[in-house]
Amino acid sequence: MSSIKSKAWSRPRSNSRLNDAFNRELESGRDYYRHELSQSVQTNVPLLNPQQREVYGTSMKAVDDGKGGLFFLYDPGGTGKTFLMSLILATIRPRSDIAVAVASSVIAATLLKGCRTAHTTLKLLFNFQTIKQPTCNISKNSAMAKVLIATKIIILDECTMAHMF
Ligand SMILES: Nc1ncnc2c1ncn2[C@@H]1O[C@H](COP(=O)(O)OP(=O)(O)OP(=O)(O)O)[C@@H](O)[C@H]1O
């Protein structure tokens with residue numbers, strides 16, 4: 001009898017712990033000032049140059065269509081990549097959608113709002129560049145896995161530098 005009781009109580013507790021962790025991850029992905037972000041979108045979209053506008057349109061279409069895709073943005077320094085990525089994040093986040101921003105280094109992570117290192121967020125192995133088929137150390141049932149499933153876009157800044165860290 002006591003074991004039945006303990007099973008009956010233990011299950012909801014573990015689910016609720018998972019839900020709490022999920023909600024914490026979710027909130028950290030959504031915890032932005034919506035009004036401020038929406039205003040920055042209204043102000044900055046009209047400033048985009050033709051090339052930035054094309055990348056913005058392509059990225060937002062991919063997000064809205066939900067078909068997935070892998071896009072690389074490569075341009076010389078100072079040409080507005082960070083400006084553009086910030087705008088993409090600011091467009092998606094006020095909709096209560098999750099946009100994850102990660103970077104290959106701590107310094108690069110300071111450039112985008114809510115950005116963390118890819119190693120921390122995606123639980124990358126530190127020696128992943130030496131492994132033939134590297135995987136993220138995130139279990140299927142974890143809160144982070146649920147967040148990633150719900151994520152609309154993952155932006156990885158300075159990805160070409162990832163092998164150095
Ligand atoms: N369309 C734009 N309208 C107004 N300012 C812009 C625009 N695009 C970029 N900028 C400004 O130009 C400067 C350089 O842009 P940004 O930092 O985004 O370049 P970057 O390509 O990310 O540079 P780096 O590769 O060195 O990190 C920033 O001050 C940014 O705010």
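Q: Does α3 pass α4 in a left-handed or a right-handed crossing?
A: This is a predicted model, in which local features need pLDDT of at least 70 and side-chain atom pairs count only at pLDDT 80 or more, whereas totals for chains, interfaces and linings use all residues. Residues are numbered from 1 along each chain as its sequence is written, and side-chain values use heavy atoms, with hydrogens and water left out. A crossing is called left-handed if the near helix is turned anticlockwise from the far one by less than a right angle, and right-handed if clockwise. By this criterion, the passage of α3 across α4 is right-handed.

Q: At roughly what angle do the axes of helix α3 and helix α4 cross?
A: Helices are DSSP runs (H or I, at least four residues), numbered from the N terminus. Axes are lines fitted to C-alpha atoms over the stretch in contact, with angles from 0 to 180 degrees between N-to-C directions. The axes of α3 (residues 50-65) and α4 (residues 81-92) come within 10 Å, and they cross at roughly 35°.

Q: How many nonpolar, polar and charged residues make the contact of α3 with α4?
A: Contact means heavy atoms within 4.5 Å. Q52, V55, Y56, S59, M60 and V63 of α3 meet F83, L84, L87, I88, T91 and I92 of α4. Ala, Val, Leu, Ile, Met, Phe, Trp, Tyr, Cys and Pro count as nonpolar, Asp, Glu, Lys and Arg as charged, and the others, Gly among them, as polar. The contact therefore has 9 nonpolar, 3 polar and no charged residues.

Q: Which residue has a side-chain N or O atom 2.8 Å from a nitrogen atom of the ligand?
A: A polar contact is a pair of N or O atoms within 3.5 Å. A polar backbone atom of L47 is 2.9 Å from a ligand nitrogen atom. The side chain placed 2.8 Å from a nitrogen atom of the ligand belongs to Q52.

Q: Which residues is L124 in contact with, leaving aside its neighbours within four places in sequence?
A: L124 is in the loop between α6 (118-121) and α7 (143-150). With those neighbours left aside, the contacts of L124 are A118, H119 and C136.

Conventions
Helices (H or I, at least four residues) and strands (E, at least two) are DSSP runs, numbered from the N terminus. A polar contact is a pair of N or O atoms within 3.5 Å; within protein, one must be able to donate a hydrogen and the other to accept it, and residues adjacent in sequence count only if both atoms are side-chain atoms.
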